[in-house]
Amino acid sequence: MAINSKLPETGTTIFTVMSALANEHNAINLSQGFPNYTSSSKLNELVSNAMTNGYNQYAPMTGNLDLRLAITHKYDLLYNSTYHPENEITITAGATQAIYTIISAFIHPNDEVILFKPAYDCYEPAVKINGGIPIPLELNTPDYKVDWDQVATFITSKTKMIIINSPHNPTGTVWSKEDMLKLQELTQNTDIIVLSDEVYEHMVFDDLNHFSACFFPDLKKRSFITASFGKTLHNTGWKIGYCCAPKDLMTEFRKVHQFNVFSVNHPMQKGIADYMSDPNTYLELSAFFKQKRDLFLNLISESRFKFKPSQGTYFQVLDYSNITDEKDTEYAVRLTKENKIASIPLSVFYDNSKTDKTLRFCFAKTDETLIKAAEILCKI
């Protein structure tokens with residue numbers, strides 16, 4: 001049978017490839033972004049209680065109401081910005097499903113979508129599957145900053161969406177207030193939708209601030225915010241996230257959401273809602289991950305790798321140009337096979353077009369794992 005693929009050039013994601021390679025060669029896996037420590041016993045108990053107390057059938061399509069109320073409270077507390085739990089918040093099967101559904105709900109054939117490279121790998125395929133045209137703009141290295149004058153020249157009558165991500169995966173940079181104000185200015189008086197991927201919002205370091213799209217009134221009117229409980233609660237395998245948006249945008253989102261997922265794991269939603277009654281469950285995350293970043297960087301400070309400390313996320317980019325001239329995809333494989341430590345080559349976030357000698361390492365690991373990884377890196 002002849003198959004006309006919608007994604008003819010797409011293969012298995014680099015995260016699956018590198019994790020499989022790490023398992024094959026018994027390497028320390030700092031590639032894929034997941035913790036290797038256990039989640040909160042209190043959270044696990046609350047989920048178990050929810051199962052015992054009957055939260056085992058379909059959740060409402062929009063999500064468990066207690067959880068949506070907890071999210072409303074979080075936005076009031078952190079950003080002094082309100083999303084109505086009834087019609088402006090939807091619980092999703094992870095942030096990736098939210099992102100895919102947003103794009104599916106609004107992008108028509110030949111619509112243009114601006115995204116910034118290096119970019120997380122789920123954005124571009126979702127645009128292409130829906131007939132849209134990705135318009136990639138490269139962040140300026142080595143600081144991975146946005147050239148807003150360039151962005152202005154790329155906005156046309158065909159531009160229907162701009163996808164942003166701060167704190168940024170894979171580079172660990174954080175957008176400034178000035179960046180967000182520039183974005184608000186460029187999209188003002190347009191029909192452009194902003195998809196703001198904020199899954200690492202609670203992981204910002206060194207007295208920097210996360211400037212959510214909801215901080216800025218005109219930007220909020222046109223923006224979806226996506227978030228991930230997998231990231232904030234150390235349970236990536238639960239695949240529970242959510243998105244927030246004004247009612248008119250959320251109405252269109254739910255038209256698609258109800259047919260591609262309908263609802264997600266009910267007892268976990270209820271358990272998370274009860275867990276979030278204590279705001280410290282997310283307020284303490286920046287300090288927690290800063291400690292891990294600092295431990296990792298202090299341990300490799302005498303290595304041959306060069307770095308600028310990550311500003312946010314739980315990823316650290318390392319420059320290996322003092323070690324080898326190999327392409328990052330080749331060196332990442334050799335590092336896994338020969339040195340027993342797995343990472344992600346940054347070029348894959350650019351469609352392999354870049355030649356920067358950089359690898360991304362995940363520091364959401366136990367201190368013991370980070371110490372062992374650092375010992376390896378310092379011997380190279």
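Guide: Let us begin with a cavity: strand S5 (159-165) gives the largest share of the lining of the second largest cavity, namely three residues. Helices (H or I, at least four residues) and strands (E, at least two) are DSSP runs numbered from the N terminus. The model is a predicted one, in which local features need pLDDT of at least 70 and side-chain atom pairs count only at pLDDT 80 or more, while totals for chains, interfaces and linings use all residues. Residues are numbered from 1 along each chain as its sequence is written, and side-chain values use heavy atoms, with hydrogens and water left out.

Visitor: How should I read a cavity, and what is the volume of the second largest cavity?

Guide: On a 1 Å grid over the protein atoms alone, a cavity is a set of points where a 1.4 Å probe fits but cannot get out, and lining residues have an atom within 4 Å of a point. Grid points are joined across faces, edges and corners, and the volume is the space filled by probe spheres set on the points. The second largest cavity has a volume of about 50 Å³, and its lining includes Leu115, Phe116, Ile163, Ile164 and Trp175. Strand S3 (112-117), like S5, supplies at least two residues of this lining.

Visitor: Which kinds of residue make up that lining?

Guide: Ala, Val, Leu, Ile, Met, Phe, Trp, Tyr, Cys and Pro count as nonpolar, Asp, Glu, Lys and Arg as charged, and the others, Gly among them, as polar. By that division, the lining of the second largest cavity has seven nonpolar, two polar and no charged residues.

Visitor: In what order do the three strands of the open sheet lie?

Guide: Two strands pair if DSSP finds at least two bridges between them. Here the order is S9-S12-S11, with antiparallel pairing. Strand S9 (315-319) and strand S11 (344-345) are at the edges with a single partner strand each, so one side of each lacks a neighbour in the sheet.

Visitor: Which way do the residues of S12 point?

Guide: In a regular strand the side chains alternate between the two faces of the sheet. In S12, Thr358, Arg360 and Cys362 point one way, while Leu359 and Phe361 point the other way, and all are buried (under 20% relative accessible area with a 1.4 Å probe, protein chains only; exposed is over 50% and partly exposed lies in between).

Visitor: Which residues of helix H1 are buried?

Guide: In H1 (residues 14-24) they are Ile14, Phe15, Met18, Ser19, Leu21 and Ala22. They cover an arc of only 160° around the axis, which puts them on the same side of H1; the arc is that of the directions from the helix axis to the C-beta atoms. On the other side, Asn23 and Glu24 are exposed.

Definitions and conventions: 1 Å grid on protein atoms, 1.4 Å probe; cavity = no way out; pocket = protein on both sides within 12 Å on 5 of 7 lines; lining within 4 Å.
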